[in-house]
Amino acid sequence: MKLNLNNTSLRISAGLAKQFPAERIPQVALSGRSNVGKSSLVNCLLGRKSLARVSGEPGKTITVNFYEVDRKLFLVDLPGYGFAKRTKTEQQKWSNLTDGYFTKNPNIDLLCLVVQLVDSRIGPTKDDIMMLDFLSEYEIPHIVAATKCDKLNATERRLAEETFAAHPSMSAADGIIFFSSKTKEGRDALWDAIVSHCKL
Ligand code: GTP
Ligand code: MG
(Lines give C-alpha, C1' and ligand atoms only; values in the text may rest on other atoms or scores of the structure.)
(Ligands and ions follow the chains in the order given, each with its own letter.)
Protein backbone atom coordinates (compact mmCIF):
# COMPACT_ATOMS: atom_id res chain seq x y z
CA MET A 1 0.00 0.00 0.00
CA LYS A 2 1.31 3.44 -0.92
CA LEU A 3 1.12 6.31 1.55
CA ASN A 4 0.38 9.73 0.14
CA LEU A 5 2.76 11.98 2.08
CA ASN A 6 1.05 15.08 0.72
CA ASN A 7 -1.86 14.14 2.91
CA THR A 8 -0.40 14.59 6.40
CA SER A 9 -1.43 16.81 9.27
CA LEU A 10 -0.89 17.37 12.96
CA ARG A 11 -4.09 15.75 14.18
CA ILE A 12 -3.75 16.80 17.82
CA SER A 13 -1.22 17.97 20.38
CA ALA A 14 -2.70 16.10 23.32
CA GLY A 15 -1.97 17.41 26.80
CA LEU A 16 -4.38 14.90 28.34
CA ALA A 17 -4.84 11.17 27.69
CA LYS A 18 -8.55 11.67 26.99
CA GLN A 19 -7.63 13.71 23.90
CA PHE A 20 -5.90 10.74 22.21
CA PRO A 21 -7.64 10.08 18.87
CA ALA A 22 -10.13 7.25 18.50
CA GLU A 23 -9.35 6.15 14.91
CA ARG A 24 -8.54 2.48 14.55
CA ILE A 25 -5.37 2.92 12.49
CA PRO A 26 -1.81 1.76 13.32
CA GLN A 27 0.37 3.92 15.56
CA VAL A 28 4.16 4.30 15.47
CA ALA A 29 5.54 6.10 18.51
CA LEU A 30 8.76 8.09 18.70
CA SER A 31 10.50 8.10 22.04
CA GLY A 32 13.65 9.87 23.14
CA ARG A 33 15.15 12.50 25.33
CA SER A 34 14.52 16.15 24.72
CA ASN A 35 16.67 17.57 21.89
CA VAL A 36 17.53 14.14 20.44
CA GLY A 37 15.84 15.09 17.15
CA LYS A 38 12.29 13.64 17.31
CA SER A 39 10.51 16.58 15.65
CA SER A 40 13.22 16.83 12.99
CA LEU A 41 12.81 13.11 12.29
CA VAL A 42 9.02 13.55 11.86
CA ASN A 43 9.59 16.39 9.38
CA CYS A 44 12.23 14.37 7.53
CA LEU A 45 10.03 11.26 7.31
CA LEU A 46 7.03 13.24 6.09
CA GLY A 47 9.09 15.41 3.75
CA ARG A 48 7.82 18.57 5.41
CA LYS A 49 9.96 21.49 6.53
CA SER A 50 8.14 22.46 9.67
CA LEU A 51 5.06 20.35 10.33
CA ALA A 52 6.62 19.36 13.66
CA ARG A 53 8.01 22.26 15.60
CA VAL A 54 11.78 22.01 16.02
CA SER A 55 12.38 23.45 19.42
CA GLY A 56 14.50 26.45 20.17
CA GLU A 57 13.62 25.89 23.79
CA PRO A 58 14.02 22.18 24.47
CA GLY A 59 11.58 20.21 26.54
CA LYS A 60 9.08 22.97 27.10
CA THR A 61 6.08 21.51 25.30
CA ILE A 62 4.78 18.51 27.21
CA THR A 63 2.28 17.03 24.77
CA VAL A 64 1.78 13.84 22.78
CA ASN A 65 1.62 14.92 19.14
CA PHE A 66 -0.35 12.72 16.75
CA TYR A 67 0.59 13.19 13.07
CA GLU A 68 -1.94 11.57 10.77
CA VAL A 69 -0.41 10.14 7.59
CA ASP A 70 -2.83 9.63 4.68
CA ARG A 71 -5.54 8.50 7.14
CA LYS A 72 -3.69 5.19 7.42
CA LEU A 73 -1.13 5.76 10.16
CA PHE A 74 -0.40 7.91 13.18
CA LEU A 75 3.18 8.95 13.89
CA VAL A 76 3.13 9.75 17.60
CA ASP A 77 5.76 12.14 18.96
CA LEU A 78 6.00 11.37 22.69
CA PRO A 79 7.18 14.14 25.03
CA GLY A 80 10.96 14.25 25.41
CA TYR A 81 12.50 13.22 28.70
CA GLY A 82 15.71 14.02 30.52
CA PHE A 83 15.26 17.75 30.43
CA ALA A 84 17.21 18.91 33.48
CA LYS A 85 15.56 22.28 33.95
CA ARG A 86 12.09 20.87 34.43
CA THR A 87 10.18 21.71 37.58
CA LYS A 88 8.62 18.94 39.71
CA THR A 89 5.19 19.83 38.30
CA GLU A 90 6.44 19.61 34.71
CA GLN A 91 8.17 16.32 35.51
CA GLN A 92 4.90 14.96 36.94
CA LYS A 93 3.02 16.06 33.84
CA TRP A 94 5.61 14.29 31.69
CA SER A 95 5.23 11.04 33.66
CA ASN A 96 1.42 11.14 33.64
CA LEU A 97 1.22 11.78 29.94
CA THR A 98 3.90 9.30 28.87
CA ASP A 99 2.51 6.57 31.17
CA GLY A 100 -0.93 7.55 29.87
CA TYR A 101 0.14 6.86 26.30
CA PHE A 102 0.83 3.24 27.23
CA THR A 103 -1.89 2.70 29.86
CA LYS A 104 -4.82 4.99 28.92
CA ASN A 105 -4.56 4.87 25.15
CA PRO A 106 -7.76 3.14 23.94
CA ASN A 107 -5.88 2.06 20.80
CA ILE A 108 -2.68 0.77 22.39
CA ASP A 109 -3.35 -2.57 20.65
CA LEU A 110 -2.65 -0.70 17.40
CA LEU A 111 0.83 0.37 18.52
CA CYS A 112 2.93 -1.48 15.91
CA LEU A 113 6.36 -0.05 16.57
CA VAL A 114 8.27 2.28 18.88
CA VAL A 115 11.21 4.11 17.36
CA GLN A 116 13.60 4.80 20.23
CA LEU A 117 15.86 7.71 19.34
CA VAL A 118 19.39 7.69 20.74
CA ASP A 119 21.91 10.42 19.95
CA SER A 120 24.62 8.72 17.87
CA ARG A 121 27.35 10.93 19.35
CA ILE A 122 26.33 10.51 22.98
CA GLY A 123 25.12 6.91 23.10
CA PRO A 124 22.30 5.74 25.34
CA THR A 125 21.61 7.77 28.47
CA LYS A 126 20.30 6.19 31.67
CA ASP A 127 16.77 7.21 30.66
CA ASP A 128 17.23 5.76 27.15
CA ILE A 129 18.27 2.44 28.70
CA MET A 130 15.26 2.49 31.04
CA MET A 131 12.94 3.04 28.08
CA LEU A 132 14.63 0.34 25.97
CA ASP A 133 14.42 -2.15 28.83
CA PHE A 134 10.74 -1.26 29.41
CA LEU A 135 10.00 -1.91 25.71
CA SER A 136 11.80 -5.26 25.81
CA GLU A 137 10.15 -6.32 29.05
CA TYR A 138 6.66 -5.63 27.70
CA GLU A 139 7.56 -7.12 24.31
CA ILE A 140 6.69 -3.92 22.45
CA PRO A 141 8.29 -4.09 18.98
CA HIS A 142 10.96 -1.41 18.77
CA ILE A 143 13.92 -0.21 16.77
CA VAL A 144 16.67 2.28 17.56
CA ALA A 145 17.24 5.38 15.44
CA ALA A 146 20.78 6.64 16.07
CA THR A 147 20.22 10.34 15.38
CA LYS A 148 22.38 13.19 14.09
CA CYS A 149 24.79 10.71 12.47
CA ASP A 150 25.88 13.45 10.03
CA LYS A 151 27.96 14.78 12.92
CA LEU A 152 30.15 11.66 13.13
CA ASN A 153 33.37 11.25 11.18
CA ALA A 154 34.18 7.84 9.69
CA THR A 155 36.09 6.59 12.76
CA GLU A 156 33.42 7.78 15.20
CA ARG A 157 30.77 6.20 13.03
CA ARG A 158 32.46 2.80 13.02
CA LEU A 159 32.93 2.94 16.78
CA ALA A 160 29.30 3.97 17.36
CA GLU A 161 28.04 1.15 15.11
CA GLU A 162 30.09 -1.37 17.08
CA THR A 163 29.20 -0.14 20.55
CA PHE A 164 25.49 0.31 19.75
CA ALA A 165 25.21 -3.20 18.28
CA ALA A 166 26.98 -4.71 21.29
CA HIS A 167 24.99 -2.80 23.92
CA PRO A 168 22.77 -5.20 25.90
CA SER A 169 19.74 -2.87 25.88
CA MET A 170 20.06 -1.97 22.21
CA SER A 171 20.86 -5.41 20.82
CA ALA A 172 17.37 -6.54 21.90
CA ALA A 173 15.81 -4.08 19.43
CA ASP A 174 14.60 -5.21 16.00
CA GLY A 175 17.28 -3.08 14.39
CA ILE A 176 19.49 -0.01 14.66
CA ILE A 177 19.21 2.61 11.95
CA PHE A 178 21.75 5.41 11.72
CA PHE A 179 19.68 8.46 10.90
CA SER A 180 20.21 12.07 9.91
CA SER A 181 17.43 14.56 9.33
CA LYS A 182 20.04 16.77 7.72
CA THR A 183 21.26 14.36 5.00
CA LYS A 184 18.14 12.09 5.07
CA GLU A 185 20.39 9.08 5.68
CA GLY A 186 18.28 6.26 7.12
CA ARG A 187 14.96 7.71 5.95
CA ASP A 188 14.19 4.88 3.51
CA ALA A 189 15.29 2.21 5.98
CA LEU A 190 13.06 3.71 8.67
CA TRP A 191 10.05 3.85 6.33
CA ASP A 192 10.69 0.20 5.37
CA ALA A 193 10.65 -0.76 9.07
CA ILE A 194 7.45 1.23 9.69
CA VAL A 195 5.63 -0.19 6.67
CA SER A 196 6.58 -3.77 7.49
CA HIS A 197 5.73 -3.53 11.22
CA CYS A 198 2.38 -1.86 10.48
CA LYS A 199 1.67 -4.23 7.56
CA LEU A 200 0.69 -1.22 5.44
P1 GTP B 1 12.08 18.22 22.08
O2 GTP B 1 10.86 18.53 21.27
O3 GTP B 1 12.54 19.34 22.91
O4 GTP B 1 11.92 16.96 22.87
O5 GTP B 1 13.31 17.97 21.05
P6 GTP B 1 13.32 17.02 19.77
O7 GTP B 1 13.75 15.67 20.16
O8 GTP B 1 12.04 17.13 19.02
O9 GTP B 1 14.52 17.64 18.89
P10 GTP B 1 14.42 18.62 17.63
O11 GTP B 1 13.99 17.89 16.41
O12 GTP B 1 13.66 19.83 18.01
O13 GTP B 1 15.99 18.95 17.40
C14 GTP B 1 16.79 19.52 18.43
C15 GTP B 1 18.01 20.18 17.78
O16 GTP B 1 18.84 19.22 17.10
C17 GTP B 1 17.64 21.21 16.73
O18 GTP B 1 18.54 22.29 16.83
C19 GTP B 1 17.83 20.48 15.39
O20 GTP B 1 18.13 21.33 14.31
C21 GTP B 1 19.01 19.56 15.72
N22 GTP B 1 18.96 18.32 14.92
C23 GTP B 1 17.93 17.43 14.86
N24 GTP B 1 18.20 16.40 14.03
C25 GTP B 1 19.43 16.62 13.54
C26 GTP B 1 20.28 15.91 12.60
O27 GTP B 1 19.96 14.84 12.06
N28 GTP B 1 21.51 16.45 12.35
C29 GTP B 1 21.93 17.61 12.92
N30 GTP B 1 23.16 18.05 12.63
N31 GTP B 1 21.17 18.33 13.80
C32 GTP B 1 19.93 17.84 14.10
MG1 MG C 1 10.19 17.97 19.51
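Modeller: Ala, Val, Leu, Ile, Met, Phe, Trp, Tyr, Cys and Pro count as nonpolar, Asp, Glu, Lys and Arg as charged, and the others, Gly among them, as polar. This is a predicted model, where local features need pLDDT of at least 70, side-chain atom pairs count only at pLDDT 80 or more, and totals for chains, interfaces and linings use all residues. Residues are numbered from 1 along each chain as written, chains are lettered from A and ligands numbered from 1 in written order, and side-chain values use heavy atoms, without hydrogens and water.

Colleague: Which class has ten residues in the shell around ligand 1?

Modeller: A residue is near a molecule if one of its heavy atoms lies within 4 Å of it. There are 19 residues around ligand 1, with Lys 38, Ser 39, Ser 40, Asp 150 and Ser 181 coming nearest. Three of the shell residues are nonpolar and six are charged, while the class with ten is polar.

Colleague: Which residue meets Arg 11 in a salt bridge?

Modeller: A salt bridge is a side-chain nitrogen of Lys or Arg within 4 Å of a carboxyl oxygen of Asp or Glu, and the count here comes to eight. Arg 11 has its partner at 3.5 Å, N to O, and that partner is Glu 68.

Colleague: Why does this pair tie together parts that are apart in sequence, and how far apart are they?

Modeller: Strands are DSSP runs of E, at least two residues, numbered from the N terminus. Because Arg 11 lies in strand S1 (residues 8-14) and Glu 68 in strand S3 (residues 64-69), the pair ties together parts whose separation in sequence is 57 residues.

Key
Helices (H or I, at least four residues) and strands (E, at least two) are DSSP runs, numbered from the N terminus.
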